Amino acid sequence: MDPVTLAVLSSAVGGIAQEMGTLLVRSAYSSNIKERRDCSAALFDARGRMIAQAAHVPVHLGAMYESVRVVAERGPEPGDVWVLNDPFSGGNHLPDVTLVSPLLLGDEVVGYAATRAHHSDMGGMRPGSMPADSTEIFAEGLIIPPIRLVRAGQWQTDVLDLICANSRTPDLRRGDLRAQAAAAGLAQTRLTELSHRHGGSVVLESFAEVLRYGERRSRAVIASLPDGVYRVESELEGDGVDDRDIALRVAVVIAGDSMTVDFSGTSPAVRGNVNCPRAVTRSACCFALRVLLPEDVPTGDGTYAPLTVVTEPGSLVDARRPSAVVAGNVETSQRIADTVLAALRLATGADAGSAGTSDAAGASESEALPAAISETVALSEAAVLPAPGQGTMNNLVIGGATWTYYETLGGGQGASARGPGPSGVHVGMTNTLNTPIEALELEYPLRVERYELADGTGGRGRHAGGAGLVRSVRVLEPATLSVLSDRRRHAPGGIAGGEPGAVGHNDVDGVPLPPKASRQLPAGAVVTLRTPGGGGWGPPPSGDGTADGVAGGSGGGVGGGGVTGHVVTKSDDTDLDEADGAPVDEHPLPADEV
């Protein structure tokens, strides 16, 4: 296909996904979707390969291919809309509800439209369906296996009623599900219009060509990195039942134009709910690879074809039923992404000056990790990776018998060679907005008493890390609190001589909370979350402790600079010990279509 036609059709298909998301946001009933935009939309080809996505939530988008696959295996028919949220059958965690519908040109199914939205209550042991102390999936809400919600254009009212009856906010669930279904209908309309303008065969050819183009671009960037094994170890701060650190181990193998992420040696699944379904683990790895790539590379399953993910069944990153997983989607995914990115910093040399040794592809340490950095140093596109950001979603859930408020809070992003990190933003696997104070106080019996940047929480450096923020919420009637967070003990590290950002902090009326906690709140109680800052880049200047006009912080947490809380090694030995029975991610793009 000629480049101009490919560019036109690629943009048109991406526009369909974007318009789906816009319709969903503007039609939804719950503030979590219409205000925070905690939802995603994407298009897939007939084989379940993602060809286009809107710029929505990374943890949704990288895992949706699994939902489409399980629906496709069940033989969807024209006019169908399937619904599911089962983490062990294509879902993320139970609040994330996915709708999948076939797309037709004539009588032929040529693809699928999918939306995933976070529903603020799907039942379970606590309002908001995100309890900090669940120990099995059944306590986290209603489990929906892949099932028809709409059959041949007709709503299955018994299925819809069943879903709504298990939520504390049934009217919101009904409205949000109808908004998701409407987005699927829009996708069919726009695809039909596109085929009328360009021809159905040309549109389908563009699907395959976009996948091939994305793969070529992705492989070219990976091939520019030194072959080797880049090992990083980090941790999760407790599982909601036990507050001890949980080991997370990653080996990123660069071999030619392919990349393998091996989690052998990571902790077995734990009793609490930080266990991660394999689809979510893959999603975090896809995100880390995407960060490495130039902005103009299309995001689709072709782009991720060079990536192989290896996990041990039953481990923290490959949980099996009936493990609790609600925090695995929001917190463990963040830690996985951060850990893989730490390994990629070693591969690119972006972490110059930090702990670690280098012998990648026979290069000396000075060649792979230069000791001196100046403003004139030439950095390739692939090498400009930022220092770690806040590394958590700071999930705050407050609810009563008939209402649930859910929010993820922004924090500091890490600085990079290009400049300081932004403050008070969502980082990593989340990409949502905040709930405006006016909307929050209008809809819930809550009052926001403090909402501001936490000055001084960004790591000092030549370029300072971004600052976290502080949000204090007073409950006006008795309620239930659930907090799922991380980076409350281990600070986000700085790189290239930069200092770590500050750790976060949670409390109720001044009484500290552990990183993951559920509590009953009396009327008048004030919940405060201070979110972590991002790590700094480069040695901090002498003087008043400022960099680029942004006041940095001393870190304020456990650990020093460099890759804080990580043990980092690197080797050119690309042989990995194979875990017994460890499945390898077989990407759906076959070799004959590369």
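Modeller: Let's start with a term: helices and strands here are DSSP runs, numbered from the N terminus. Keep in mind that you are looking at a predicted model.

Colleague: Good. How many helices and strands does the chain come to?

Modeller: The chain has 11 helices and 23 strands. When I mention, say, helix 9, I mean residues 326-348.

Colleague: What share of the residues is buried?

Modeller: Of the 594 residues in the chain, 61% are buried.

Colleague: What joins strand 6 to strand 7?

Modeller: There are 2 bridges between strand 6 (residues 147-151) and strand 7, and the two run antiparallel. To see the pairing on screen, find R151, which stands opposite Q154 in strand 7.

Colleague: Which strands form the open sheet of 4?

Modeller: They go 13-12-16-19, and the pairing is antiparallel. Strand 13 (404-408) and strand 19 (516-521) are the edge strands, pairing on one side only. From one strand to the next, the twist averages 10°. Strand 16 (residues 479-484) and strand 19 run antiparallel and are joined by 6 bridges; T480, for instance, has Q520 in strand 19 as its bridge partner.

Colleague: What does helix 9 lie across?

Modeller: Helix 9 lies across strand 12 (395-399), strand 13 and strand 16, and runs at about 45° to strand 16.

Colleague: Now the inside. What do nonpolar side chains tend to do?

Modeller: The general idea is that in soluble globular proteins, nonpolar side chains tend to be buried together. In this model the largest nonpolar core has 55 residues, and V252, M259, V261, F263, I336, V340 and L344 touch the most other members. Several elements supply at least two residues each, among them helix 7 (200-223), strand 8 (228-237), strand 9 (245-255) and helix 8 (278-292). Helix 9 gives the largest share, 12 residues.

Colleague: Which residues does V261 touch?

Modeller: Leaving out residues up to four places away in sequence, V261 touches V250, A251, V252, C285, L307, T308, V309, V310 and V340. There is also a second, separate core of 22 residues, including L446, L469, V483 and A525.

Colleague: Last topic: salt bridges. How many are found in the whole structure?

Modeller: A search of the whole structure gives 32. The idea is a side-chain nitrogen of Lys or Arg within 4 Å of a carboxyl oxygen of Asp or Glu. Take R321 and D86: their closest N and O atoms are 2.6 Å apart. This pair links distant parts of the chain, 235 residues apart, with R321 in the loop between strand 11 (307-310) and helix 9, and D86 in the loop between strand 3 (81-84) and strand 4 (96-105).

Colleague: Is D86 buried or exposed?

Modeller: Buried means under 20% relative accessible area, and D86 has 3%, so it counts as buried. R321, at 41%, is partly exposed.

Colleague: How do R126 and D133 pair up?

Modeller: They form a salt bridge with the closest N and O atoms 2.7 Å apart. R126 is buried, with 16% relative accessible area, while D133 is partly exposed at 27%.

Colleague: Which residues are linked in a network of salt bridges?

Modeller: That network links R335, D338, D486, R487 and K516.

Technical notes: Residues numbered from 1 in each chain as written. Predicted model: local features only at pLDDT ≥ 70, side-chain atom pairs only at ≥ 80, totals over all residues. Heavy atoms only, no water. Buried < 20%, exposed > 50% of the residue type's maximum accessible area, 1.4 Å probe, protein only. Core = buried A, V, L, I, M, F, W, Y, C linked by side-chain atoms within 4.5 Å. Contact = heavy atoms within 4.5 Å. Pairing = 2+ DSSP bridges. Axes fitted to C-alpha atoms, helices over the stretch in contact; angles between N-to-C directions.
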